[in-house]
Amino acid sequence: MVLAHRGGDWTLLLCVCHTVWSHSCKITSQLEAPPPFTEDQLQHIFTPLLVLATDLVMDMLNKLELWSLYDRDSTEEELESSVHFSAPLDDGSQVDLRWVRSLVLHTLERLHSCEKWESLSHFALLFNSYTRERYALIVAPLLLHAQRSLIERIRSVGGPAIPQPHHVKTQQSTGKEVTNRSYFHCQLLSGWSPSELPIDEDTSHTNVFPRDGASLKAAEKQRSLSLVCVPLDVEDTLSGYHRALQKTPHCLQVLQHSRSLLLLLLANTQPYLTQLQSAGRVSFSPVVKPTPNVRPCEPSGEDFSTPDAIFGLPVRPDCIPTVVASYSNSIKCLRASGHKSLSLLALHDLGNLHFYAGNVQAAQSCWIQAVDCALQSSGVVQKWDGVSFGGGSMPKTVKHAGFWGCLQAAVIAAKIAQFILTSDINQRTKCCLLSSHLFKCVLGCSMAQPQLDLQYASHTIREELLPGVDLFSEPRRLHLLPILALYLHFVGPVCRDVRRTVEGKILKVRVLTELRMFSEAVMEVIQLTQGAGIFLPCGPFMAKTDLQPMATFYNNKSLLDNKEAVETLMNCDFAPEIQTMYGPSLCTSFSLARVQLVLTLSETLRDLPDPDPKDSHATILVESESSVKERADEEPKPPKQKTFLLCHEESQLTSERIKIVLLEAASSLLTSTTEQLASLPCSEEEKLELTVESSLLKANLHLQQGRPKLSFDAAVSSLVLLQTSPVTIGAPNSELTEVLQDPVMDTQPRDCPGAAEAAERIGPSLWLRCRLALVQSLVASIHTDATLLPGKNINKETARLLQEGIEECVGWGDRDTQALLLMESAELEALRGKTQESVAVLQEAVALLSEPACMPPGSMLTLARAALLLNDIQEHQSSSLLQVTRKLLDMQMRLFGQSVDDKVGVCPPGSDNIYLPYITMLKEITLRIDSMENSDNKDQPTSSVGGQTLHLI
């Protein structure tokens with residue numbers, strides 16, 4: 001910092017100061033009880049660094065004349081936390097003034113904690129002068145306390161009266177009095193005079209020192225304590241405080257009081273702060289009031305002469321109604337004054353407080369009002385249909401709501417989906433789509449980010465989301481966000497959280513796998529095993545920089561042509577240091593995501609040929625016994641992972657061989673993962689979720705292997721596990737299944753985020769996935785004539801389980817799974833020869849998928865299957881529904897960046913992604929339409945089914 005300041009390298013200076021600030025915040029926020037560092041150690045390490053950073057940054061801004069930016073007229077709302085971009089405070093192209101404010105105020109807090117009164121007064125006076133007393137309400141209480149402490153210290157050591165000699169001499173020489181406002185411009189002159197030193201005539205003619213070194217040191221120390229450079233006019237400081245108070249609207253004072261009460265209330269939830277409180281220490285807050293009153297006390301008569309006016313003890317939990325009433329009063333005042341940005345932030349805080357207190361309905365009401373306030377509209381959550389809420393284009397939405405308004409609304413919508421709409425999957429999904437849409441509005445306004453959704457599959461947001469704008473310089477504007485691209489940006493470059501980054505990348509692998517974007521998914525898997533793109537908390541940026549070259553998977557080539565990439569996917573493994581950094585839970589979750597990718601790749605190939613054990617074993621090359629035989633004098637080594645190769649050098653590679661090896665690799669990985677689950681050091685919620693996910697993958701694996709009995713057993717085991725686990729509460733609903741209620745937590749600590757997040761995911765969606773796997777295994781057994789339920793009619797049992805699943809989907813509002821189960825039921829009825837019943841069920845499925853304004857990719861395939869089956873079994877065939885379905889598939893293909901020949905309705909050769917499932921459906925539907933148009937049935941009456949989906953175009 002010193003070298004950068006001396007050399008005038010301002011960019012480097014800001015970079016180093018940002019680094020000091022970030023590490024200070026990070027280490028302080030990670031303190032637990034008992035903390036790994038003592039408070040004295042943190043003060044000793046970081047306070048001098050922050051003081052130096054504050055001094056140099058403030059001097060830099062003075063030399064560059066950037067403090068003049070405060071001469072512009074800025075509203076109080078802009079100074080607080082405006083959700084709109086407000087220059088110059090948000091223009092980070094030169095300097096981030098909001099970050100400078102946070103740095104200075106935090107430094108003043110640290111100086112106050114270690115009782116450095118003179119330094120505190122010095123920086124407080126400079127900051128007040130530089131910012132034209134814009135933040136005097138926060139700085140003045142500290143400055144008054146520091147000045148009074150200095151006056152008391154001077155009196156205790158017998159120092160000179162106020163004003164002190166150097167201040168008097170400066171005034172006499174310059175003609176200007178040294179006051180709080182003029183201190184910045186003054187060059188103090190020494191007030192020392194030789195006549196002040198007593199001369200001892202007996203020793204004046206000798207060289208003998210009159211005192212010993214220890215007494216001289218003590219005398220000089222006392223003399224230094226008696227002189228201070230800063231003015232100590234308490235009345236002048238109080239006058240400045242009252243001037244600032246008169247300029248501050250009353251509603252902002254009320255809001256500051258509410259925020260102070262909330263901070264003191266939440267202080268009781270922090271183990272570290274509770275420990276400090278029990279030790280007789282308190283947390284500092286510059287705007288704390290002495291008692292938890294609903295309204296703030298009259299501040300005009302406050303002189304901050306008592307400790308209660310500056311310090312605040314935590315508020316008891318039984319004072320929550322008082323804090324709620326205070327926030328309600330603040331919101332009324334802010335709305336009456338037209339402060340929309342601050343009303344949004346207050347509503348967000350009040351919703352959080354209601355949810356913390358267990359009042360879910362009140363929290364939902366506050367959060368919905370906050371979304372409306374952010375987007376300057378009414379009923380946004382209710383009007384949102386999955387595509388729009390009547391707010392116009394994305395740039396228009398950002399213009400009305402502002403960058404931070406869109407992000408705030410997106411975060412709040414995600415909270416509503418996560419914490420409120422837990423029992424309605426349809427409404428929860430729509431709310432998640434609203435959150436995603438608002439995030440995309442911000443990304444779409446940045447020229448540094450892609451404009452197409454598809455490009456985010458391989459795009460990584462680097463250091464800056466919006467170039468020139470720091471979203472986190474004002475902490476009240478934004479919290480961490482649950483969306484893939486933004487999420488990985490926030491947890492990676494911004495927060496440097498290894499666990500969250502790896503979790504986000506694993507989720508990205510699952511999403512890319514479901515979308516059949518294998519090139520990006522394989523790349524993410526291999527990079528995860530190498531530690532690429534993982535930001536460490538401290539030190540180097542990446543976990544590993546010497547990365548090995550990797551084989552590339554091409555979406556426009558078959559698996560036969562992607563042999564090297566497929567082998568790399570099956571055989572890649574963690575380096576020891578990467579495995580240690582991730583931990584066993586993340587490694588297990590990653591293994592399951594990799595198995596899902598391998599099984600999805602296998603699904604793109606046709607069914608297995610007749611089993612040939614010799615051929616199957618010949619395709620898997622494992623190290624021979626001689627290569628792993630240990631010498632007698634060597635210690636045994638841990639077993640190595642099997643190496644899967646697609647073929648011998650002398651054998652010919654075929655798609656059947658690839659499928660066999662892929663399934664063998666998935667089986668091996670699942671076996672290894674299942675063995676590790678038993679001893680996994682994690683919470684019961686996390687272990688239950690991983691175990692159920694493993695069972696679902698086993699069911700898929702056995703189904704592809706042509707073993708419906710084993711698939712059925714795996715699906716049943718997952719359902720039974722969800723019913724009988726102490727983590728969940730079950731209510732009997734049938735002989736085989738139970739309706740899964742909201743999960744409950746066990747008796748472990750409440751501050752375990754992994755357990756809480758896993759418990760939220762163990763709900764209706766997971767149950768319905770298990771139900772679907774069970775039904776699919778039963779349907780497969782009917783086709784293979786396998787006996788799964790001895791003594792029972794498998795057709796009737798399958799129909800009963802399908803009906804139960806459909807009823808559960810209706811109760812939980814899961815339209816997409818309901819349509820998929822209806823499709824399975826229709827195929828079963830058609831197989832049993834009940835054509836009319838099958839047509840009725842198909843029509844119900846088509847009508848169900850036609851209701852929403854948007855359709856997920858999986859439901860698009862369900863609609864295509866329904867259209868094809870209807871075409872097969874209806875007596876009077878019509879191409880209307882097929883035509884509608886083809887157009888919808890065309891639109892879906894274009895969303896994935898695929899070109900479609902409008903004349904024939906199929907993808908031309910050389911498609912960018914040949915693995916998209918829509919291609920096969922599109923070709924088959926096109927062939928059916930062409931066949932019908934060439935037949936003699938062109939004049940058949942149009943079926944009414946097709947009209948139900950026409951509005952989706």
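# Close-up views of a predicted helical chain

Buried residues account for 48% of the 953 residues in the protein chain. The structure shown is a predicted model. The chain contains 38 helices and two strands. Among contacts between residues at least 6 apart in sequence, 72% join residues at least 24 apart.

**View 1. The largest nonpolar core has 125 residues.** Within this core, Phe553, Leu559, Tyr582 and Leu662 touch the most other members. Helix H32, covering residues 764-784, gives the most to the core, namely 11 residues. In soluble globular proteins, nonpolar side chains tend to be buried together.

**View 2. Leu662 and its contacts are shown here.** With its neighbours within four places in sequence left aside, Leu662 is in contact with Leu559, Val566, Met570, Val598, Leu601, Ser602 and Leu605. Both Leu559 and Leu662 are among the residues of the largest core that touch the most other members.

**View 3. The charged end of Lys557 sits over the ring of Tyr554.** The distance from that charged end to the ring centre is 4.5 Å.

**View 4. Phe355 and Phe419 form a tilted aromatic pair.** This view shows one of the 15 aromatic pairs found in a search of the whole structure. The ring centres of Phe355 and Phe419 are 4.9 Å apart, with 45 degrees between the planes. Phe355 belongs to helix H14 (residues 340-357) and Phe419 to helix H18 (residues 403-420), so that the pair links distant parts of the chain, 64 residues apart. Phe355 counts as partly exposed because its relative accessibility is 29%, and Phe419 is partly exposed at 27%.

**View 5. Phe518 and Tyr915 form an edge-to-face pair.** Their ring centres lie 5.3 Å apart and their planes are at 70 degrees, which is why the pair counts as edge-to-face. Phe518 is in helix H22 (residues 518-530), while Tyr915 is in the loop between helix H37 (880-895) and helix H38 (917-933); the pair therefore ties together parts 397 residues apart in sequence. Phe518 is buried, with a relative accessible area of 0%. Tyr915 is also buried, at 6%.

**View 6. Arg516 is in the loop between helix H21 (498-514) and H22.** Phi of Arg516 is near 60 degrees, a positive value in a residue other than glycine. Arg516 is buried, with a relative accessible area of 16%.

**View 7. A cluster of aromatic residues is linked by ring pairs.** Its members are Trp67, Tyr70, Phe127, Tyr130, Tyr135 and Phe184.

**View 8. Helix H7 covers residues 136-156.** From its first C-alpha to its last, this helix of 21 residues reaches 29 Å, close to the 30 Å expected at 1.5 Å a residue. Arg132 is in the loop between helix H6 (117-130) and H7. Although Arg132 is not a glycine, its phi is positive, at about 55 degrees. Arg132 counts as partly exposed, at 34% relative accessibility. Just after H7, Gly158 has a positive phi of about 75 degrees. Pro163 is in the loop between H7 and helix H8 (165-174), and the peptide bond from Ile162 to Pro163 is cis, with omega near -5 degrees.

**View 9. Residues 1-22 carry the feature "signal peptide" in an unreviewed UniProt entry.** In the model, this stretch is 82% helix and 0% strand. The end C-alpha atoms of residues 1-22 are 15 Å apart.

Conventions
Residues are numbered from 1 along each chain as its sequence is written. This is a predicted model: local features need pLDDT of at least 70, side-chain atom pairs count only at pLDDT 80 or more; totals for chains, interfaces and linings use all residues. Side-chain values use heavy atoms; hydrogens and water are left out. A nonpolar core is a set of buried Ala, Val, Leu, Ile, Met, Phe, Trp, Tyr and Cys residues joined through side-chain atoms within 4.5 Å. Buried means under 20% relative accessible area, exposed over 50%, partly exposed in between (1.4 Å probe, protein chains only). Helices (H or I, at least four residues) and strands (E, at least two) are DSSP runs, numbered from the N terminus. Contact means heavy atoms within 4.5 Å. The expected span of a helix is 1.5 Å times one less than its number of residues. UniProt positions are given in the numbering used here, feature names are shortened, and annotations may be inferred rather than shown by experiment. Rings of Phe, Tyr and Trp (its six-membered ring) pair if their centres lie within 6.5 Å; planes under 30 degrees apart count as stacked, over 60 as edge-to-face and the rest as tilted. A charge sits over a ring if NZ of Lys or CZ of Arg is within 6 Å of the ring centre and within 35 degrees of the ring normal.
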